[in-house]
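Subject: Structure for you to look at

Hello,

Here is the structure I promised to pass on. Please open it and keep it beside you as you read the notes below.

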Amino acid sequence: MTLPKLCVPLSLLALALVAASPALRAVDAPANPLPHFETKDGRHAFIVDGAPFLMLGGQCNNSSAWPAALPGVWSAVERMGANTLEAPVYWEQFEPDQGHYDTTIVDTLVRQAREHRVRLVLLWFGTWKNGSSHYVPMWVKNNPAICPKIIGKNGMAVDSPSPHSAAGLEADSRAFAALMRHLKVADSAHTVILVQVENESGAWNSIRDYSPAAQALFEKPVPKVLMEALGLAGKAGADWAGAFGPNADEYFHAWSVGRYVGQVAAAGKAEYALPMYTNAALRDPINPGPAGTYESGGPTDNVLSIWKAAAPELDALSPDIYLSDSIKYRKVLDLYSRPDNPLLVPENGGSPAFARMFLAALGKGAVGWAPFGIDRGSDGYVPMVGSKPDEDPLAAVSLNYHLVGPIAREVARLNFEGRLQALAEDPSEHTKTLAFGRWQAGVTFGVPAFGFDREPKGNLDADGRVVVGQLGENEFLVTGHACRVDFRVADPGSKTQREYLRVEEGTYVNGAFRASRIWNGDQTDWGLNFGPAPVILRVKLGTY
Ligand code: DGJ
């Protein structure tokens, strides 16, 4: 009988054809919609080309967005399997003389990104870069009246720009608006999908500006809009010290910096309304220590609501995570994933420990993630921040991106719909249960591929990772690394038991699943075991 042999491939083909049918695609979507964020039921999606997008990113080193350094950047992007490059645009390069804009570098970035078939996130290194103002053009540096430094409590200037300078705000906004105006014309294809406004704004070495002008503002009533946003309308009219007591200095600086950055963003959006975010140099999320021991005034976790009120033009306030401790890392994810804030992690340290946390971020609904410093210096081996010289951080990130890359659109969509769970192995927990309505996915780390009766030991380097998405009531998309996933009926009192109706290995091509083989026998009898090679499974469950 030939029929049974034909049945399987024909049915797979039919399924693939149905999934690829144009009838299932939105017909009224504009041909080239502007990227934007959407929020529903407290969850967020980063919409690119009209559908949820998962940014598998990488950020180049600070001085690498120059044509001479870009070949090294692109080879890192390719090796990682990233779909997005984050690259700076330097104010000093973009506006070398006041009012004269040099678009050559940004044009090169856009052209080369298209050649490499990746998207771009541009980082506007304007008034602030890591709390200082080292990227302002020479004509600004030579005229301190435009961008004055803040004054510390001791009366000494601090290497950090004042957020109270109208001239600085005007100059920065004008330049940023010129950049966005140019992009609107030069990038109608939306290769650039997102823009970071400033970089780790705030101040090191002073909690705020204590100049006479800043002091006068500090003694005025706290703006009404902020009091209302914080639910303090009853205290209206109070000055900063009266309203916030010991936190007043820090909150004042956060509001002032947030207002400035928000207004720069607004000037850019008025030209071209791409989504925008800004990034934070974090404080320790568990033991933060007193103000002054971390960068003050940026969107640290304790002032997110102040920033939301100060800079509503920003779509996201995003943590740069250089804390390799997994408990702290997870705490940061908790603090920055809020109904009013999409989780985007634009910078991570470089060691493999960070790469694993990509899965934890996904599990918290992250719309994007990127390690910092993906290219190594042309003048020798420069390890990524946080990595050891003998580590290969790109390999660790590449493992994630090759695992999730082929299903990135599905993962982003399922996450937006609240039907995705992802996790990174925790060294102290070798077993996890993921709940999906009537089903549970049991995940174990450190079990052999055969046999039920072994106690999971965890992987030696705790590098297990798993992603499970619910495609339908009884249908799942599963991928993982160094783990076993086994489904079961959730109700312990149920008289029915799980049966694997069909487990297909395959990949997605243009939104349609293409099966390459069916798993059965040893590949399903002990659960679904994921080894080192990236594997994507579509699993249909039934009961007996
Ligand atoms: C955080 C900053 O945002 C990056 O630009 C870079 O300076 C890294 N720190 C690493 O030093």
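Asp-426 makes a salt bridge with Arg-330, and their closest N and O atoms are 3.9 Å apart. Bear in mind that this is a predicted model. The two residues come from distant parts of the chain, 96 residues apart. Asp-426 sits in the loop between strand E15 (420-424) and strand E16 (431-436). Arg-330 belongs to helix H12 (residues 326-336).

Are these two residues buried or exposed? Asp-426 has 17% relative accessibility, so it counts as buried. Arg-330 has 25%, so it counts as partly exposed. The cut-off for buried is under 20%.

Some salt bridges share partners. Glu-475, Arg-502, Glu-504 and Arg-538 are joined into one network in this way.

How many salt bridges turn up in the whole structure? The search finds 24. As background, side chains of opposite charge can pair when their charged atoms come close.

Next, find Asp-187. Its salt bridge partner is Arg-114, with 2.6 Å between the closest N and O atoms. Asp-187 lies in the loop between helix H6 (166-186) and strand E9 (192-199), while Arg-114 lies in helix H4 (residues 104-115), so the pair ties together parts that are 73 residues apart in sequence. Asp-187 is at 0% relative accessibility and therefore counts as buried. Arg-114, at 37%, counts as partly exposed.

Asp-159 is in strand E8 (residues 157-161) and Lys-149 is in strand E7 (residues 149-151). The two residues are 10 residues apart. Asp-159 is at 38% relative accessibility, so it counts as partly exposed. Lys-149 is also at 38%, and it too counts as partly exposed.

Now turn to a sheet. Three strands form it, in the order E1-E2-E3. The sheet is open, and the pairing is antiparallel. Which strands are at the edges? They are strand E1 (36-40) and strand E3 (51-52), and each pairs on one side only. E1 pairs with strand E2 (residues 43-48) over five bridges. To see the two strands face each other, look at Thr-39, which stands opposite His-44 in E2.

Best wishes

Key:
Residues are numbered from 1 along each chain as its sequence is written. This is a predicted model: local features need pLDDT of at least 70, side-chain atom pairs count only at pLDDT 80 or more; totals for chains, interfaces and linings use all residues. Side-chain values use heavy atoms; hydrogens and water are left out. Two strands pair if DSSP finds at least two bridges between them. Helices (H or I, at least four residues) and strands (E, at least two) are DSSP runs, numbered from the N terminus. A salt bridge is a side-chain nitrogen of Lys or Arg within 4 Å of a carboxyl oxygen of Asp or Glu. Buried means under 20% relative accessible area, exposed over 50%, partly exposed in between (1.4 Å probe, protein chains only).
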